[in-house]
Amino acid sequence: MTDQVTIQRWDGSGAVAQLDAILSAYEEVYAEPPYLEGPRDVAEFIERFQRQVERPGFRLAIAYEDTEVVGFTFGYLLPPDTQWWRGLLRPAPEEFTRETGDRTFVIIELAVRNPWRRRGIAKKLHTALIEGLEVERVTLTMRPEPEARPAQLAYESWGYKKVGESRPWDEAPLYDSMVLNIKSR
């Protein structure tokens, strides 16, 4: 492995053509603990990605070493009618959860394959994804298990603060909900 990692970004629905490029990295990363995802989970990821890529403000960044995908991240703008904040176990004030369609960018996935971790690639992907966004804040959820501690430490070092715990759907595991304030409006 060399340190010749490059990042490419796609905005909007044109990113759907990149699904095949990121799929094997997704399968590899999310087969690990704490996720332990299998074929059904991967099929659900494909369906979700094809819907999410159509959302306003969608962005995808992929890290390559030569032509090999070593990591990726994607997200979009939260719409005014989002259900994103409803999963918080302790409801937050309306002024916090109110969305305008351009207030908050949500990172849905940020994944780096194991051989390339702890080399700054996740930070480069994160920077490429949110670079130039005209939003107040960025949010994401992450699993709180010990296996995810390196990721949690990275997010904290980038300025994210935990705002609560979230269960996004009925059968979902518990997640930490985190926010990075970019600017005040």
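Q: What does buried mean when we read a helix like H4?

A: Buried means under 20% relative accessible area. In this predicted model, helix H4 spans residues 121–130, and its buried residues are Ile121, Leu125, His126, Ala128, Leu129 and Ile130.

Q: Is Gly71 buried or exposed?

A: Gly71 has 0% relative accessibility, so it counts as buried. You will find Gly71 in strand E3. Leaving aside residues up to four places away in sequence, Gly71 touches Ala61, Ile62, Ala63, Ala111, Val112 and Leu125. Ile7 lies 64 residues from Gly71 along the chain, yet their C-alpha atoms are 9.2 Å apart.

Q: How should I think about side chains in a strand, and in which sense do E3 and E4 pair?

A: In a regular strand, side chains alternate between the two faces of the sheet. Here E3 and E4 pair in the antiparallel sense over seven bridges, with Thr73 opposite Leu110 of E4.

Q: Why is E4 described as largely enclosed?

A: Eight of its nine residues are buried, so the rest of the structure largely encloses E4.

Q: In which sense does E4 pair with E5, and what unit do they make with H4?

A: E4 and E5 pair in the parallel sense over three bridges, where Phe105 stands opposite Val138 in E5. Together, E4, H4 and E5 form a right-handed β-α-β unit.

Technical notes. Residues are numbered from 1 along each chain as its sequence is written. This is a predicted model: local features need pLDDT of at least 70, side-chain atom pairs count only at pLDDT 80 or more; totals for chains, interfaces and linings use all residues. Side-chain values use heavy atoms; hydrogens and water are left out. Buried means under 20% relative accessible area, exposed over 50%, partly exposed in between (1.4 Å probe, protein chains only). Helices (H or I, at least four residues) and strands (E, at least two) are DSSP runs, numbered from the N terminus. Contact means heavy atoms within 4.5 Å. Two strands pair if DSSP finds at least two bridges between them. A crossover is right-handed if, with the strands pointing away from the viewer, the path from the first strand over the helix to the second runs clockwise.
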